Amino acid sequence: MKRYNVWRPIFLLAIALLTKSLVTNLGMLFGMAPEAADNLGFLAMIIAAFVMYFRMTKMRRK
């Protein structure tokens with residue numbers, strides 16, 4: 001644990017939640033049903049979290 005960075009998980013959660021909120025709001029703005037927009041936002045949140053996690057681990061390996 002000597003090289004543990006506390007900001008990485010916080011940054012990862014922030015990106016995921018902001019992505020979910022942005023995609024949900026955009027979906028509702030373009031006329032989607034609230035449930036469908038929420039599902040799309042959740043899917044975007046999962047994808048954003050995976051992308052950020054893999055980018056963070058790739059940078060750490062180099």
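Reply:

At 10% relative accessibility, Thr24 counts as buried, where buried means under 20% relative accessible area, exposed over 50% and partly exposed in between, with a 1.4 Å probe and protein chains only. The model is a predicted one, in which local features need pLDDT of at least 70 and side-chain atom pairs count only at pLDDT 80 or more, while totals for chains, interfaces and linings use all residues. Residues are numbered from 1 along each chain as its sequence is written, and side-chain values use heavy atoms, with hydrogens and water left out.

Thr24 sits in helix 1 (residues 7-29), helices being DSSP runs of H or I with at least four residues, and strands runs of E with at least two, numbered from the N terminus. The side chain of Thr24 reaches the backbone oxygen of Lys20 at 2.7 Å. Once neighbours within four places in sequence are set aside, Thr24 is in contact with Ala37, Asp38 and Gly41, contact meaning heavy atoms within 4.5 Å.

As for the chain, it has 2 helices and 0 strands. Its radius of gyration is 14 Å, well over the 11 Å that the globule rule gives for 62 residues, so the chain is more spread out than a compact globule; the radius is taken over C-alpha atoms, and the rule is 2.2 Å times the number of residues to the power 0.38. Along its principal axes the C-alpha trace spans about 50 × 20 × 15 Å, and buried residues, Thr24 being one of them, make up 18% of the 62 residues.

Definitions and conventions:
A polar contact is a pair of N or O atoms within 3.5 Å; within protein, one must be able to donate a hydrogen and the other to accept it, and residues adjacent in sequence count only if both atoms are side-chain atoms.
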